[in-house]
Amino acid sequence: MAQGKKITILDLQAKKAKGERFTMVTAYDYPTALIADEAGIDVILVGDSLAMVVLGLPNTVSVTMDEMLHHCRAVARGAKNPLLVGDMPFMSYTNTGEAVHNAGRFLKEAGMDVVKLEGGRRVAPIARAVVEAGIPVMGHIGLTPQTISQLGGFRVQGKDAAAVKQLMEDASALEEAGCFAIVLEAIPDRVAELITEKLTIPTIGIGAGLHCDAQVLVIHDMIGLFDRFVPKFVKQYANVREQILAALQQYKAEVEAGQFPGPEHVYTIKDEVLAQLY
Ligand code: KIV
């Protein structure tokens, strides 16, 4: 476990006030959570992106509450210092009662500190109810993968004046509803800058440029583990897929050539003990 201090939503808001940027990444399992914690990442999101990058589903809509909670528990066992965000899956917050119940499960059953939900003005009353129940809420606007069919695909949002105005209204509605931070996904950088200046709560950008208060990336994208679809906004800091592939190919070749296991990987027995068997 990394030594350090548990990050709270107040720490993130203080960072915004001081003009200090912070970091968020997704994680879905214990070893990755341990590494993110050791790296000093401030916030870990157990994102519903796990549907695509871990479970191999075509989109995020079919991941269930139970699947989300299962991965959250593993992450909570590994990450002690970062703020932990459980992503509420599609159809788990269609009304306030259901939203409060399911948000509570992330905290009570899976070790999360806060929840995230997608949508702007439409979900503001739901976000308010969850906050009033004592559960901090992170908003998420712009490209919201759970409603990808309505958005017409994975595409940049906020490209014309009317759409920008709606995004600004969505951001303000979430702030007024009590959200402690908002993810801005796939919007022009100058629109993200306008929203970031307008809000007193932190903005966390993904494909939203440098002017957000924080950045988030899907870990499988940034370490090069999932390469089926790499959005323009992803920077690959490593190519782990290549390393895993090379390791597996070398292992196969060495086993087939009788080179693995070598003497250093083998348990031995004394000759005199063996002689007793003959
Ligand atoms: O599920 C997820 O990984 C997300 C991020 C893209 C913010 O919502």
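Modeller: Start with a term: a polar contact is a pair of N or O atoms within 3.5 Å. Within protein, one atom must be able to donate a hydrogen and the other to accept it, and residues adjacent in sequence count only if both atoms are side-chain atoms. This model is predicted: local features need pLDDT of at least 70, side-chain atom pairs count only at pLDDT 80 or more, and totals for chains, interfaces and linings use all residues. Residues are numbered from 1 along each chain as its sequence is written, and side-chain values use heavy atoms, with hydrogens and water left out.

Biologist: How far is a polar side-chain atom of Asp87 from an oxygen atom of the ligand?

Modeller: Asp87 is one of the residues around the ligand, with a heavy atom within 4 Å of it. Its polar side-chain atom lies from a ligand oxygen atom at 3.2 Å.

Biologist: What is the distance for Ser49?

Modeller: Ser49 is also listed around the ligand. A polar atom of the Ser49 side chain sits from a ligand oxygen atom at 2.5 Å.

Biologist: Is H8 roughly parallel or roughly antiparallel to H9?

Modeller: Helices are DSSP runs (H or I, at least four residues), numbered from the N terminus. Axes are lines fitted to C-alpha atoms over the stretch in contact, and angles run from 0 to 180 degrees between N-to-C directions. H8 (residues 161-177) and H9 (residues 189-198) pack at about 30°, with axes 10 Å apart. Angles under 35 degrees count as roughly parallel, so H8 to H9 is roughly parallel.

Biologist: Which residues of H9 does H8 meet?

Modeller: Contact means heavy atoms within 4.5 Å. From H8 come Val164, Leu167, Met168, Ala171 and Ser172. Their partners in H9 are Val191, Leu194, Ile195 and Lys198.

Biologist: Which residues of H8 does H6 touch?

Modeller: H6 (residues 124-132) and H8 pack at about 20°, with axes 8 Å apart. H6 uses Ala124, Ala127, Arg128 and Val131. On the H8 side are Ala173, Leu174, Glu176 and Ala177.

Technical notes:
Helices (H or I, at least four residues) and strands (E, at least two) are DSSP runs, numbered from the N terminus. Angles under 35 degrees count as roughly parallel, over 145 as roughly antiparallel, 65 to 115 as roughly perpendicular and the rest as oblique.
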